[in-house]
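Please open the model in your viewer and keep the selection tool at hand.

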Amino acid sequence: MVDTRRVPGTGVAPQLNGPLLAVLCAIMILNPIVANMYLPALGIMAADLGTTIAGIQVALTAFLLGVAVGQLVVGALSDALGRRRIVVIGFAVLTAAGVVVAAAPNLEVLVVGRVFQGLGASAGVVVIRAVIADVGVGPQVPRAYSLLTGTLAIGPLVASFLGTVLLQVGGWRLILVGITVICALFLLLAVWRVPETLPPERRAPLHLGKMAASYGRLLGDPAFVGNSLTMAFALGGIIAHVSASSFVAQDVLGADVWGFWAMFTVYGLSVLVGGWANAPLSARFGPARMQAIELAIAIASSAALTVLSAGGWLSVASYLPLIALGCGSATAVMANATTLTLSRAAFAAGSGAALMGSIQFATGAAASPIGGLWGSHTAVPMAATMLVCFALSLAARLFARYWERRLPVPAVHRMPVPPVPPV
């Protein structure tokens, strides 16, 4: 059988090697940049647009909802039309929506533009996971997911720094222009370096009935659903922190805009370390065992954060290590949940990645505005939401583990494993 897949510009069939992983890791940081880059200006944007902190947080919710809904369509499209074409189209939509957001005259237009940004960005989320499922072999898969999840931290680090600089230079609208320029650069990267990893003979015809059947088949697997929810609630805890981090740092802990950047950098580094440290540990001890340890750390740290916040004892010295432990551990939970979830969806990797991601980002969208509901003077809603999300993540994992033992992955769910490329 002739392999029709090719890396653009090389004529070589793709493998999950260093160069491809580098491209996927680069794409992985785009969503955090688009989601987080305007966070340093949250209060200023709310005042200029005549809304509240909770109101302006709806812009993040809108983006996450766009990503969640978009994945359901993008997953099926990528299974039918291939990975490369879909990610290029998605990033084109993302860039065009950025122009609308940057010029938005009011909150309503801003929110609508953010929804379309999310729809375009969903292509990257689905495709990078599906590419790994397409060409990954054995231990390469969990290691790649861990590296990708850890790389997520680079996005917030870049976003918080650039957002702070652009805010000082030209205000919050310049931040939105910067986001659009970055999206255009990622569109060029997708055109230049994203390979096609799904050859025509492995594609599923685009049919609404079959698409619904694939999703129904996945939703009928309780272990798939449980692992998806494990990942979703872990992300919900992280999003609860991210969406509230700006006013917690500045209004509760008394930091200035650069102090917020420093605190957000600590969070970003913890996500980086959590994801990358999980890669060798998961390969050695297994994703299920590591996930149990990581959830225990996340729950303990968020519980301590809640107690300190409720008692009025929260300080920078206590806030930073607890956030680092909680979010770093939750990142590792997400990496292992990805491996465990998609191991049950190899018969339709694109649809499986899409459904998992849709559940994940819908949960994040629900958690996003909660931290600001009581105003900008307290960290209690943020901390309590993190605790609840991490506890629900543990409950979902226990549910999934129960069904994994009762319903091992059927042979029909497994994709034929490609041969290991020669060294």
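A residue is called buried when its relative accessible area is under 20%, exposed when it is over 50%, and partly exposed in between (1.4 Å probe, protein chains only). Helices (H or I, at least four residues) are DSSP runs, numbered from the N terminus. This is a predicted model, in which local features need pLDDT of at least 70, side-chain atom pairs count only at pLDDT 80 or more, and totals for chains, interfaces and linings use all residues. Residues are numbered from 1 along each chain as its sequence is written, and side-chain values use heavy atoms, with hydrogens and water left out.

First, colour the protein by pLDDT, the predictor's confidence in each residue, from 0 to 100. The mean is 85, and 91% of the residues reach 70 or more. Confidence is highest in helix H5 (residues 83-102), at a mean of 96, and lowest in helix H7 (residues 140-151), at 75.

Next, select H5. Its buried residues include Arg83, Ile86, Val87, Gly90, Phe91 and Leu94.

Finally, select Leu392 in helix H16 (residues 380-406). Is Leu392 buried or partly exposed? Leu392 is partly exposed, because its relative accessible area is 37%.

Methods
Helix = DSSP H or I, 4+ residues; strand = E, 2+ residues; numbered from the N terminus.
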